[in-house]
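Colleague: Please take one part of this model and go through it closely. I would like the details in one connected answer.

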Amino acid sequence: MAWQGVVSGAVGVAVMTAGEKVEQRLTGRPDSYVPGRVLERLVGRTDTPGRPSRAVNLAMHYGQGILLGTVRSLMAQAGLRGALASAQFSVLRLTNDQILENATGVGAPPQTWPRGELAVDLLHKTVYGFVTGAVADALAGRDGPGPGQRHASRRPGRHHDVGPVPRAESFTR
């Protein structure tokens with residue numbers, strides 16, 4: 001169900017971006033060109049003075065959000081749904097950013113950031129994670145419970161004496 005991930009990620013990144021624009025108007029924080037710089041480094045472009053083009057920046061910003069939406073969709077299809085799954089996914093989104101930014105030398109570890117900048121980034125990525133999750137969960141819910149949910153319905157909780165759902169009811173046919 002890749003299309004569900006694309007839709008989920010696109011909605012999540014659009015809502016996150018709208019929230020960022022509102023926050024920037026209130027705080028005066030300028031646009032970030034870190035996504036564009038990361039993409040330039042990833043594709044081997046020579047560093048140029050100034051900031052990357054708006055198109056490059058938006059391609060990375062939206063591209064990451066849409067691509068990672070497929071992960072949240074997979075989570076929902078497997079039965080990992082709801083607020084806890086969205087919180088887990090928000091951490092994944094933040095981790096993805098930090099790996100790419102730090103591996104390319106464009107960013108610095110979050111513990112070195114001013115606390116205000118860190119709080120703003122955490123807020124926006126959490127909005128992305130929960131909106132993407134809500135859309136992914138709704139789309140997956142139309143397909144019924146995932147294998148994990150079917151397993152849990154056999155006997156609530158985690159028990160060593162409850163075997164897996166039959167293979168025909170899982171995605172590992």
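**The pocket lining and helix H3**

Modeller: H1, helix H2 (34-42), H3, H4 and helix H5 (115-141) each supply at least two residues of the largest pocket's lining. Helices here are DSSP runs (H or I, at least four residues), numbered from the N terminus. The model is predicted: local features need pLDDT of at least 70, side-chain atom pairs need 80 or more, and totals for linings use all residues. Numbering runs from 1 along each chain, and side-chain values use heavy atoms, without hydrogens or water.

The largest pocket has a volume of about 740 Å³. Of its 33 lining residues (an atom within 4 Å of a pocket point), Glu 20, Arg 29, Ser 32, Pro 35 and Asp 121 are the closest to the centre. The lining comprises 13 nonpolar, nine polar and eleven charged residues.

H3 gives the most to this lining, with seven residues. H3 covers residues 54-78; at 1.5 Å a residue its 25 residues should span 36 Å, and its end C-alpha atoms are 36 Å apart, so the two agree. Just after H3, Gly 79 takes a positive phi of about 110°.

Leu 68 touches Phe 89, Arg 93, Asn 96 and Tyr 128 (heavy atoms within 4.5 Å), leaving aside residues up to four places away in sequence.

Methods
The expected span of a helix is 1.5 Å times one less than its number of residues. On a 1 Å grid over the protein atoms alone, a cavity is a set of points where a 1.4 Å probe fits but cannot get out, and a pocket is an open set with protein on both sides within 12 Å along at least five of seven lines; lining residues have an atom within 4 Å of a point. Grid points are joined across faces, edges and corners, and a volume is the space filled by probe spheres set on the points. Ala, Val, Leu, Ile, Met, Phe, Trp, Tyr, Cys and Pro count as nonpolar, Asp, Glu, Lys and Arg as charged, and the others, Gly among them, as polar.
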